[in-house]
Amino acid sequence: MKEFMMIFSGADYTDLGLSPEEMQSRMGKWFAWGDKMEKSGVLRGGNALTPSIRRVIGPNRTVTDLTSAEVKEIVGGYYLVSARDFDHVQEIAQDFPDYDLNGTVEIREIMVFDQ
């Protein structure tokens, strides 16, 4: 098995104007998906990310502080999963809760360096 990162991007829930009840429902879907992956043994870790962003760019290390309102879509979190290949991760990602909000799952294989 290989390790992959699923990176989740889309609009921030607050920016979409979701009610507290809708946000609670969404979080329930996220917890159910995480539980499903954990029970099947593929989930290795992951976290949600806050909407605050600090970018440090270029040789002068120019610093820009942004919020989700200032960028079109944000990286909202990630999961690390163990899977055979990209197709397997794509199957795991079928239950991603935010597809209906035009959310995106980017799948990246973790690079392993031999020492």
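This is a predicted model: local features need pLDDT of at least 70, side-chain atom pairs count only at pLDDT 80 or more; totals for chains, interfaces and linings use all residues.
Me: OK. How many helices and strands does the chain have?

Reply: Helices (H or I, at least four residues) and strands (E, at least two) are DSSP runs, numbered from the N terminus. Here you get 2 helices and 6 strands, and along the sequence they follow the pattern β-α-β-β-β-β-α-β. The C-alpha trace spans about 45 × 40 × 20 Å along its principal axes.

Me: Which strands form the open sheet, and in what order?

Reply: Two strands pair if DSSP finds at least two bridges between them. In this model 4 strands make an open sheet in the order 2-5-1-6, with antiparallel pairing. Strand 2 (43-48) and strand 6 (104-109) are at the edges with a single partner strand each, so one side of each has no neighbour in the sheet.

Me: Where does helix 1 sit relative to the strands?

Reply: For angles, axes are lines fitted to C-alpha atoms (for helices, over the stretch in contact), and the angle runs from 0 to 180 degrees between N-to-C directions. Helix 1 lies across strand 1, strand 2 and strand 5, and runs at about 20° to strand 5.

Me: And what do strands 3 and 4 do?

Reply: Strand 3 (residues 53-57) and strand 4 (residues 62-66) pair in the antiparallel sense over 5 bridges. Together they form a hairpin with 4 residues between them, and Gly-58 in the turn has a positive phi of about 75°. Within the pairing, Arg-54 stands opposite Asp-65 in strand 4.

Me: Which residues have the most contacts inside the largest nonpolar core?

Reply: The general idea: in soluble globular proteins, nonpolar side chains tend to be buried together. Buried means under 20% relative accessible area, exposed over 50%, and partly exposed in between (1.4 Å probe, protein chains only). A nonpolar core is then a set of buried Ala, Val, Leu, Ile, Met, Phe, Trp, Tyr and Cys residues joined through side-chain atoms within 4.5 Å. In this model the largest one has 17 residues, and those with the most contacts inside it are Met-6, Phe-8, Trp-30, Trp-33, Met-37, Tyr-79 and Val-81. Strand 1, helix 1 (20-40), strand 5 (74-83) and helix 2 each give two or more residues to this core.

Me: What does Met-6 touch?

Reply: Contact means heavy atoms within 4.5 Å. Not counting residues up to four places away in sequence, the partners of Met-6 include Trp-33, Met-37, Tyr-79, Val-81, Val-89, Ile-92 and Val-105.

Me: How many aromatic pairs are there?

Reply: Rings of Phe, Tyr and Trp (its six-membered ring) pair if their centres lie within 6.5 Å; planes under 30 degrees apart count as stacked, over 60 as edge-to-face and the rest as tilted. The structure holds 11 such pairs. One of them is Phe-4 with Phe-86, edge-to-face at 5.2 Å centre to centre and 70° between the planes. Phe-4 lies in strand 1 (residues 2-10) and Phe-86 in helix 2 (residues 86-92), so this pair ties together parts that are 82 residues apart in sequence. Phe-4 is buried at 1% relative accessibility, whereas Phe-86 is partly exposed at 41%. There is also one aromatic cluster made of Phe-8, Trp-30, Trp-33, Tyr-79, Phe-96 and Tyr-99.

Me: Are Arg-26 and His-88 buried or exposed?

Reply: Arg-26, in helix 1, counts as buried at 10% relative accessibility. Leaving aside neighbours within four places in sequence, Arg-26 is in contact with residues including Tyr-13, Asp-98 and Asp-100. His-88, in helix 2, is buried too, with a relative accessible area of 11%. With the neighbours within four places again left aside, His-88 contacts Met-1, Ser-82 and Ala-83.

Me: What about Val-71: where is it, and what is it in contact with?

Reply: Val-71 is in the loop between strand 4 and strand 5 and counts as buried at 16% relative accessibility. Beyond its neighbours within four places in sequence, Val-71 is in contact with Ile-53, Arg-55 and Leu-66.

Technical notes:
Residues are numbered from 1 along each chain as its sequence is written. Side-chain values use heavy atoms; hydrogens and water are left out.
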